[in-house]
Structure formats: structure tokens, C-alpha cells
Amino acid sequence: MRSFPGAMARRVLSLLMLLLSACAPFRVRAEFDAAEVPRMHAWRTWAWYGAPQEGAATGGAGETGGPLLRGVLRSEVQAQLERRGFRPAPPGTEPDFRVAWHGSISPELQVTQLGGAYPWGPWVDPWYVGGMGTTTVTATEKGRLVLDMVDSKSGTLAWRGTAEGPVDTGSLKFEQKVRDAVEELLGRFPPKP
């Protein structure tokens with residue numbers, strides 16, 4: 001069996017680490033006011049924050065990401081809320097809660113260092129500087145999605161879900177990542193009493 005030369009092995013390992021980081025799931029967290037939990041479980045109807053009273057799903061506070069992101073996000077939020085028993089408020093009626101969203105995509109540098117100096121100790125020649133190392137810097141994109149649930153009667157924020165993770169806006173999987181993030185977020189709404 002033939003082994004890879006050191007440089008080739010480091011490149012293969014670097015590529016594997018990059019592929020694994022691209023598949024990393026979103027980090028998801030939810031914050032809520034514990035006093036609002038019973039009220040959230042009584043909610044049945046919703047509308048977009050800032051949408052006209054007719055209940056059209058054209059609102060939302062976020063404007064980042066372009067029309068594709070907005071369209072995918074809105075349709076997935078509506079689908080996930082319907083799966084959980086929430087319905088859009090009928091035209092001319094006040095919803096129980098309003099949904100606002102904020103999104104951002106920002107560049108992020110990822111530094112990976114392979115190899116480098118060997119450990120120092122009595123068994124190492126004191127004049128030996130160390131082995132050759134490889135450092136790679138990869139530009140990635142980090143996405144952040146925030147969903148807010150606002151009580152329509154009081155106008156207060158009752159629940160906030162945040163998802164953060166690597167995205168690739170140029171990839172065909174970007175739309176699926178948005179859908180996955182929304183599903184994970186709304187899997188925590190409403191919170192358990």
C-alpha cells in the first residue's frame with residue numbers, strides 16, 4: 001500500500017475539513033418571556049409585521065438577501081406555522097400575533113492550520129525549529145436569520161428565534177438551507193409551558 005506524500009495528505013485533510021464545515025448545521029436558539037408562554041399557546045392567527053390589514057404576506061422587517069430569500073423565507077414560515085395549527089388572519093381582522101424577520105449574510109474568514117512545530121521537550125534537539133506547516137485561509141459566508149413573534153394586542157416581543165451558520169449563496173442548496181433554518185427555528189415555537 002502506498003502512502004500519500006506529506007503535502008498531499010495535508011491538502012486532502014484540508015479539503016475534508018472544508019467540506020465538513022460547509023455541511024455544518026445552523027446554531028439555533030430561542031428566547032422568550034416566560035410570562036407570555038400561556039398567551040402564546042392561545043394564539044391561533046398571525047400576519048406579517050408591517051403588512052397591510054388585509055393580511056397579505058408581503059411584510060417582514062428584513063430586506064437583506066434579495067427577492068429569492070424573501071420569497072423562500074415567507075413561504076416556508078407560512079408552511080411551518082400552518083403545520084403547527086396557526087392560520088393567517090382573515091382580511092380585516094386583527095391577528096393574535098405578528099411575525100417579523102431580519103436576515104443578514106456576511107463574509108467570514110476561516111483559518112485552518114495543519115502541521116507546524118513539534119512539541120518542545122527534553123527529547124527534542126534545542127536547535128530544531130520544527131516541521132513545515134500549512135495554513136489555509138478560506139473565505140466563507142455566514143448567514144443569520146432572526147424570527148420575532150410580536151403580540152398584536154400589547155405590541156411586545158414575546159418570542160425570538162435566531163439561526164446562524166455557514167451559507168453559500170451561490171449554491172443550489174442555499175434555498176434548502178433557508179428552509180432547514182426556518183424549520184429548526186419554528187420547531188421551538190411556541191415554547192413548552
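User: Let's start with one side chain: is Trp43 buried or exposed?

Analyst: The idea is relative accessible area: under 20% is buried, over 50% is exposed, and anything in between is partly exposed (1.4 Å probe, protein chains only). Trp43 comes out at 3% relative accessibility, so it counts as buried. Keep in mind that this is a predicted model, where local features need pLDDT of at least 70 and side-chain atom pairs count only at pLDDT 80 or more, while totals for chains, interfaces and linings use all residues. Residues are numbered from 1 along each chain as its sequence is written, and side-chain values use heavy atoms, with hydrogens and water left out.

User: Which ring does Trp43 stack with, and how do I read such a pair?

Analyst: Rings of Phe, Tyr and Trp (its six-membered ring) pair if their centres lie within 6.5 Å; planes under 30 degrees apart are stacked, over 60 edge-to-face, and the rest tilted. Seven aromatic pairs turn up in this structure. In one of them, the ring centres of Trp43 and Phe97 are 4.7 Å apart with planes at 15°, so the pair is stacked. Trp43 sits in the loop between helix H2 (37–42) and strand E2 (45–48), and Phe97 in strand E4 (residues 97–115), so the pair ties together parts that are 54 residues apart in sequence. Those labels come from DSSP runs, numbered from the N terminus: helices (H or I) need at least four residues, strands (E) at least two. Phe97 is buried too, with a relative accessible area of 0%. Ring pairs also join Trp43, Phe86, Phe97, Trp159 and Phe189 into a cluster.

User: Which strand does E6 pair with in the antiparallel sense?

Analyst: That's strand E1 (residues 27–32), joined to E6 over six bridges. To find your place in it, look for Glu31, which stands opposite Arg160 in E6. E6 is mostly covered, with eight of its eleven residues buried.

User: Pick a residue in E6. What does Thr162 touch?

Analyst: Contact means heavy atoms within 4.5 Å. Thr162 belongs to strand E6 (residues 157–167). Setting aside neighbours within four places in sequence, Thr162 is in contact with Arg27, Val28, Arg29, Arg144, Leu145, Val146 and Leu185. Its relative accessible area is 1%, so Thr162 is buried.

User: How many salt bridges are there, and which ones involve Glu164 and Arg27 or Arg144?

Analyst: The rule asks for a side-chain nitrogen of Lys or Arg within 4 Å of a carboxyl oxygen of Asp or Glu. By that rule there are nine salt bridges. Glu164 meets Arg27 at 4.0 Å, N to O. Glu164 lies in strand E6 and Arg27 in strand E1, so this pair ties together parts that are 137 residues apart in sequence. Glu164 also meets Arg144 at 3.1 Å, N to O. Arg144 is in strand E5 (residues 133–151), so here the parts tied to E6 through Glu164 are 20 residues apart in sequence. Arg27, Arg29, Arg144 and Glu164 are linked in a network of salt bridges.

User: Is Glu164 buried or exposed?

Analyst: Buried, at a relative accessible area of 14%. Arg27, at 54% relative accessibility, counts as exposed, while Arg144, at 36%, counts as partly exposed.

User: Last one: which residues make the nonpolar surface patch?

Analyst: Patches take residues with over 30% relative accessible area and no salt bridge; like charges are joined within 9 Å, nonpolar side chains (Val, Leu, Ile, Met, Phe, Trp, Tyr) within 5 Å. Areas come from the Shrake-Rupley method with a 1.4 Å probe, and for residues only the protein chains shown count as cover. Here Leu109, Val111 and Val137 make a nonpolar patch of about 320 Å². Leu109 is in strand E4, and its relative accessible area of 63% makes Leu109 exposed.

Definitions and conventions. Pairing = 2+ DSSP bridges.
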